Amino acid sequence: MNRRGFTLLELLVALALFAVLSLLTFSSLRAMIDSREQTRAEGERLAEVQMAIARLALDIQQARDRGIRDGYGRYQPAMLYGLLAEAGLEFTRGGHRGLDPQRSGSGMQRLRYLLDEGRLIRESWPVLDRGPGLTTFRQPVLEQVALFEVRFLDSQGVWHGSWPPLAPVPPEGGPGFDDRLPVAVELLLELEDWGRLRRLLPLAGGGL
């Protein structure tokens, strides 16, 4: 009985086929891993965006009609954005339970949201009426934010790009603006990866 082994050509062909199959298998495996990583990253990003918007919405919908005194003793309205504001959206929030509710103004807290180098930042102060040199607590809320804008709906159904709106005829001895809360707030976030997101938030005590 004759026994015949593989020829060199047959071995080379077998090795070539094995290499091609290995390459195809690796490519398929790599694609599956990349797809899984992309799905995981998108899921984490979705969770980050949802948490950031939920926190922002909760804070704004807890807004209270309580102005404050800043570090220079100047009166600041209950909600502040645009023309009269230094930066971002600043407002007084209710429902806060700090370590010392009496010092925090019976459950109230002063907050500010602003955009800083592509990050949405939440700032807070330990007291409402603050003195000079008071430390501000800064907390990043969301990354990759290209734009953060706010609009306000007043009790007459008119939208404003800043708040409070200037009073057409300032009352004698008054601040020169309407110090009430808006009826609703519209948020606009433009994310570098997801584009523009809008959220309309009604305020329970607005316009009263």
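Let's start at Val-158, which sits in the loop between β8 and β9 (159-160). The strand names come from DSSP runs, numbered from the N terminus: strands (E) have at least two residues, and helices (H or I) at least four. This is a predicted model, where local features need pLDDT of at least 70 and side-chain atom pairs count only at pLDDT 80 or more, while totals for chains, interfaces and linings use all residues. Residues are numbered from 1 along each chain as its sequence is written, and side-chain values use heavy atoms, with hydrogens and water left out.

Leaving aside residues up to four places away in sequence, Val-158 touches Phe-152 and Leu-153, where contact means heavy atoms within 4.5 Å. Its C-alpha atom is separated by 9.9 Å from that of Val-183, 25 residues apart along the chain.

**The whole chain**

Zooming out, the protein chain has one helix and eleven strands. Of its 208 residues, 35% are buried. Among contacts between residues at least 6 apart in sequence, 54% join residues at least 24 apart.

**A sheet**

Five strands form an open sheet in the order β3-β4-β5-β6-β7, with antiparallel pairing. Two strands count as paired if DSSP finds at least two bridges between them. At the edges stand β3 (79-80) and β7, each with a single partner strand, so one side of each has no neighbour in the sheet. Inside this sheet, β4 and β5 are joined by five bridges, and Arg-93 stands opposite Gln-109 in β5.

**The core**

The largest nonpolar core has 29 residues, and Ile-60, Met-79, Leu-89, Leu-120 and Phe-148 touch the most other members. Such a core is a set of buried Ala, Val, Leu, Ile, Met, Phe, Trp, Tyr and Cys residues joined through side-chain atoms within 4.5 Å. Helix α1 gives the most to this core, with six residues. Which residues does Ile-60 touch, not counting residues up to four places away in sequence? They are Leu-89, Phe-91, Val-185, Leu-187, Leu-201 and Leu-203.

Helix α1 also holds Leu-17, which is exposed, with a relative accessible area of 54%.

**Salt bridges**

The structure holds 16 salt bridges. Each is a side-chain nitrogen of Lys or Arg within 4 Å of a carboxyl oxygen of Asp or Glu. Here are some of them:

| Pair | N to O distance |
|---|---|
| Arg-112 and Glu-90 | 3.9 Å |
| Asp-116 and Arg-138 | 2.8 Å |
| Glu-190 and Arg-196 | 3.1 Å |

Arg-112 is buried, at 12% relative accessible area, and Glu-90 is buried too, at 6%. Asp-116, in strand β5, and Arg-138, in strand β7, link distant parts of the chain, being 22 residues apart. Asp-116 counts as partly exposed at 25% relative accessibility, and Arg-138 is partly exposed at 37%. As for the last pair, Glu-190 is partly exposed at 25%, whereas Arg-196 is exposed at 52%. Salt bridges that share partners also join Glu-90, Arg-110, Arg-112, Asp-116, Glu-123, Arg-130 and Arg-138 into one network.

Key: Buried means under 20% relative accessible area, exposed over 50%, partly exposed in between (1.4 Å probe, protein chains only).
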